[in-house]
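Please read it with the structure open beside the text.

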Amino acid sequence: LGIELQILKVSDVQSSEPGAAEREIEKAFKTASEKGNLLFLDECDSLIYNRASLGMILSAQVNTLLTQIEKFEGVCILATNRISKMDEALERRLALILKFPKPNQEQRKEIWAMLLPKKLPLSSEVTTDKLSEYELTGGLIKNMLLQSARLALLEDKKELSLDHFARAFEAIAKTK
């Protein structure tokens, strides 16, 4: 878009001081507006949770954020993989909601190809075709790669085998 990206993280907002979170939210939106920045709220579900089960202080924070989103004339992108946890009033403040489906096998193959370091020692049995058979999202593919490497290191192996990837997948599947 040719505009600067401004990221608003939960850690930028949360504070033990009453009213500080609301001030930080307002400040972020004001800065983005004045500078013409694209405002990005990653993992926004930790900021815009459903107010039905919140106390007065956290509800005030969500109210402020919803109000700022509604008033903001710039581009604001919110990312979450837990849309069901979001406050229902958010939807009417959004111009567009994009849902990204889980990648298909060909897309997973491309993700594996991008994430596998060129110098990573892999046994000859490990191919992106084989790895793409695991039905995972991009984030879980990254986790599986890291977990596989950890397993190989723990075993003092010189290369990653399909067995390392299979065991990493099992560990990931147990956490889901």
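**Notes on the predicted model**

1. Trp112 and Phe165 are both buried, where buried means under 20% relative accessible area, exposed over 50%, and partly exposed in between (1.4 Å probe, protein chains only). This is a predicted model, in which local features need pLDDT of at least 70 and side-chain atom pairs count only at pLDDT 80 or more, whereas totals for chains, interfaces and linings use all residues. Residues are numbered from 1 along each chain as its sequence is written, and side-chain values use heavy atoms, with hydrogens and water left out.

2. On aromatic pairs, the rule is that rings of Phe, Tyr and Trp (its six-membered ring) pair if their centres lie within 6.5 Å, with planes under 30 degrees apart called stacked, over 60 edge-to-face and the rest tilted. By this rule the count is three aromatic pairs. One of them joins Phe29 and Phe72, whose ring centres are 5.4 Å apart and whose planes stand at 85°, so the pair is edge-to-face. This pair links distant parts of the chain, since Phe29 is in helix 2 (residues 20-35) and Phe72 in the loop between helix 3 (56-71) and strand 3 (76-78), 43 residues apart. Helices (H or I, at least four residues) and strands (E, at least two) are DSSP runs, numbered from the N terminus. Both Phe29 and Phe72 are buried.

3. The rings of Trp112 and Phe165 also form a pair, with centres 5.7 Å apart and planes at 80°, so this pair is edge-to-face. Trp112 belongs to helix 4 (residues 105-115) and Phe165 to helix 7 (residues 162-175), so the pair ties together parts that are 53 residues apart in sequence.

4. As to the chain as a whole, it holds seven helices and three strands, and its elements follow the pattern β-α-α-β-α-β-α-α-α-α when read along the sequence. The radius of gyration is 21 Å, well over the 16 Å that the globule rule gives for 176 residues, so the chain is more spread out than a compact globule; the radius is taken over C-alpha atoms, and the rule is 2.2 Å times the number of residues to the power 0.38. The C-alpha trace spans about 55 × 40 × 25 Å along its principal axes. Of the 176 residues, 34% count as buried.

5. Which strands pair, and in what sense? Strand 1 and strand 2 (residues 38-41) pair in the parallel sense over four bridges, while strand 2 and strand 3 pair in the parallel sense over three bridges; two strands are taken to pair if DSSP finds at least two bridges between them. Leu5 has Leu38 of strand 2 as its bridge partner, and Leu8 has Leu41 of strand 2. Leu41 in turn has Leu78 of strand 3 as bridge partner. The C-alpha atoms of Leu78 and Leu8, which are 70 residues apart along the chain, are separated by 9.8 Å. At 22% relative accessibility, Leu78 counts as partly exposed.

6. In a regular strand the side chains alternate between the two faces of the sheet. Strand 1 has a covered face made of Gln6 and Leu8, and an uncovered one made of Leu5 and Ile7. Gln6, which is found in strand 1 (residues 5-8), counts as buried at 13% relative accessibility. A polar atom of the Gln6 side chain lies 2.9 Å from the backbone oxygen of Ala28. Leaving aside neighbours within four places in sequence, the residues in contact with Gln6 (heavy atoms within 4.5 Å) include Ala28, Thr31, Leu38 and Phe40.

7. Another glutamine, Gln68, is found in helix 3 and counts as buried at 11% relative accessibility. Beyond its neighbours within four places in sequence, Gln68 is in contact with Ile25, Glu26 and Phe29.

8. A last point concerns backbone geometry. Most residues other than glycine have a negative phi. Asp156 has a positive phi of about 60° although it is not a glycine. Asp156 is found in the loop between helix 6 (138-154) and helix 7, and at 61% relative accessibility Asp156 counts as exposed.

Technical notes: Polar contact = N/O pair within 3.5 Å; in protein donor to acceptor, adjacent residues only side chain to side chain.
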